[in-house]
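Colleague: I am new to this structure. Could you take me through its main contacts and cores?
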Amino acid sequence: MRLLTREALLSFRRAPLLSTLSVTTIGFSLFTLGLFGLVAINLREALRGLEERVEVVAFVLRGTPAETITLATQDIAAFPEVEDVVYVTEEQALARARRELVEFRDAYRDLQVNPLPASIEVRLKSGYRDAATAGRVAERLRGFEFVEDVRFGRDWVQKLDHLRNITGIVGLVIGLAFAAVAVVIIGVTIRLTLLQRAREISIMRLVGATNWFIRGPFLLEGALKGLLGGFLSLLLCYGGYLLFRDRSGGTFGGLVFFHPVQMAAIVLFGVLLGLFGSLVSVGRHLRNV
Amino acid sequence: MIRLTHVDKSYPNGALALRDVTFRISRGEFVFLTGHSGAGKSTIMKLLFAEQRPTSGEVRVSGYDVTSLRRDEIPKLRRRLGIVFQDFRLLDDRTAAENIAFALEVTGARRDTINARVARVLAQVGLSAKSRAHPRELSGGEQQRVAIARALVNDPAILVADEPTGNLDERATRGVFQLLRDINAAGTVVVMATHDLDLVRQARYRTIELRDGSVVYDSAEDEPDAVEAGR
């Protein structure tokens with residue numbers, strides 16, 4: 001193990017320029033991937049904000065007894081898709097309309113009779129905020145005899161579904177493409193290191209080194225380079241994130257950065273890339289020598 | 001120790017490197033392989049340490065059948081051989097001692113054993129004082145001595161030397177050759193490919209001459225009395 005570590009570290013000392021180049025390459029490849037990841041998670045965050053506004057509203061017939069509604073809201077709250085249920089009385093509806101619809105404030109003030117119906121507002125759990133589920137819940141709400149009408153903005157929710165699907169697919173495709181490019185670039189860099197050390201490898205073989213003995217230091221070296229590249233990419237991503245957030249004049253003030261788990265995943269991905277790239281390149285090289 | 005039986009070797013481009021080569025080398029022998037460039041000397045050397053395989057025929061080295069040797073057994077064979085080349089093949093960024101130690105490290109030897117054995121072979125090749133020198137700080141003759149020390153450090157039964165004096169001046173050649181003779185005198189089989197006929201004449205060891213891939217002369221068969229080192 002000591003020998004393995006020594007040999008792996010020696011390669012950094014022997015070819016500092018090439019090693020720096022490898023780490024930088026891995027770092028920048030993961031940086032582009034990371035930037036894309038940041039865009040993706042922020043987009044998802046924005047979509048989640050929109051999703052939270054998906055709501056099914058059941059308008060209640062005038063004169064429905066309060067106990068009936070209380071019982072019904074308990075029933076509705078027990079639906080598996082439902083996060084919470086709020087009963088809005090006619091008076092609360094009017095007060096809210098006066099507060100929120102400023103341009104109609106005068107009209108609402110002069111009213112003799114409250115025209116707004118009471119309603120039951122149903123918010124759906126995350127993962128159920130799509131047009132199909134909202135439609136199903138609406139259908140069930142219509143089943144209550146005191147419900148006059150149900151609305152949930154079908155068009156809008158459908159558009160949201162569509163947007164979510166597109167973001168998911170595009171994200172996956174571009175993400176995979178970036179990852180593939182990163183793997184290729186890293187593989188090429190490791191191959192360069194191998195070519196530089198072809199003579200050394202041939203000497204190792206002549207003195208009776210097994211293939212695993214030869215591979216070991218290269219694998220460790222690849223993993224180390226991946227680790228450093230992973231940290232470098234995080235640093236670059238964080239720099240880019242700060243720059244974008246602070247220079248955008250508040251437009252993107254709510255941007256989020258990776259969670260620690262996601263950061264660990266990026267570094268781990270770097271390590272795996274380094275390891276995988278080394279394994280493939282050394283394997284090919286050992287077959288050819 | 002070494003047995004080639006009706007060995008043919010051809011390359012994918014159709015070139016025939018060896019044609020029906022048969023000979024045996026026994027314990028304690030020193031054998032010259034001679035012939036012009038392209039005669040097949042280096043191909044035989046490569047067959048001996050399983051860098052190449054015969055197209056047909058059988059090659060046996062130190063109990064291993066090179067013809068059917070599994071890839072993972074090649075390192076085991078090479079650890080029983082010492083291999084020396086014309087171009088030394090030393091690692092430039094390691095000292096003489098580190099270059100020698102490297103051959104032991106790959107076998108998984110312990111550090112204290114390594115140090116003792118490296119010191120011993122360095123003394124044997126007369127380079128104890130230069131153990132910390134890098135190859136670029138050594139003369140050609142000294143570099144070849146380091147390479148020989150590396151080949152010796154695993155106590156091989158057979159030393160395979162492909163034109164070991166090809167890059168050396170006359171004086172260095174004499175020194176390296178004497179070293180190989182001493183190694184042979186201590187019991188190691190030495191197979192040396194060379195086209196330096198002065199050297200061959202000087203020693204009167206067994207000589208196998210190759211021409212166009214075939215053995216055209218073997219002093220052990222053609223002039224058995226002339227051979228200095230017995231089988």
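**Helix packing, chain contacts and cores**

Modeller: In this predicted model, Ala131(A), Ala134(A) and Gly135(A) of α6(A) meet Arg154(A), Val157(A), Gln158(A) and Asp161(A) of α7(A).

Colleague: At what angle do α6 and α7 of chain A pack?

Modeller: Helix α6 (residues 131–142) and helix α7 (residues 154–196) of chain A pack at an angle of about 150°, and their axes are 9 Å apart. Angles over 145 degrees count as roughly antiparallel, so α6(A) is roughly antiparallel to α7(A).

Colleague: How do the residues of that contact divide by class?

Modeller: The contact of α6(A) with α7(A) has three nonpolar, two polar and two charged residues.

Colleague: Turning to the two chains, how many residues of each are in contact?

Modeller: On chain A there are 11 residues in contact with 13 residues of chain B. Both α1 (2–14) and α8 (198–206) of chain A supply at least two residues each to the side that touches chain B. The most come from α8(A), with four residues. By class, this side of chain A has seven nonpolar, two polar and two charged residues.

Colleague: And which residues touch the most other members of the largest nonpolar core?

Modeller: That core has 73 residues, and those touching the most other members include Leu48(B), Ile100(B), Ala149(B) and Leu159(B). Helix α3 (residues 96–105) of chain B gives the most to this core, with seven residues.

Colleague: What is Ala149(B) in contact with, leaving aside its neighbours within four places in sequence?

Modeller: Its contacts there are Ile100(B), Val121(B), Leu122(B), Gln124(B), Val125(B) and Leu127(B). There is also a second, separate core of 23 residues, with Ala223(A), Leu228(A), Leu232(A) and Val271(A) among them.

How values were computed:
Residues numbered from 1 in each chain as written. Chains lettered and ligands numbered in written order. Predicted model: local features only at pLDDT ≥ 70, side-chain atom pairs only at ≥ 80, totals over all residues. Core = buried A, V, L, I, M, F, W, Y, C linked by C-beta atoms within 7 Å. Buried ≥ 20, exposed ≤ 12 C-beta atoms within 10 Å, placed from the backbone. Contact = placed C-beta atoms within 7 Å. Nonpolar A, V, L, I, M, F, W, Y, C, P; charged D, E, K, R; others polar. Axes fitted to C-alpha atoms, helices over the stretch in contact; angles between N-to-C directions. Parallel < 35°, antiparallel > 145°, perpendicular 65-115°, else oblique.
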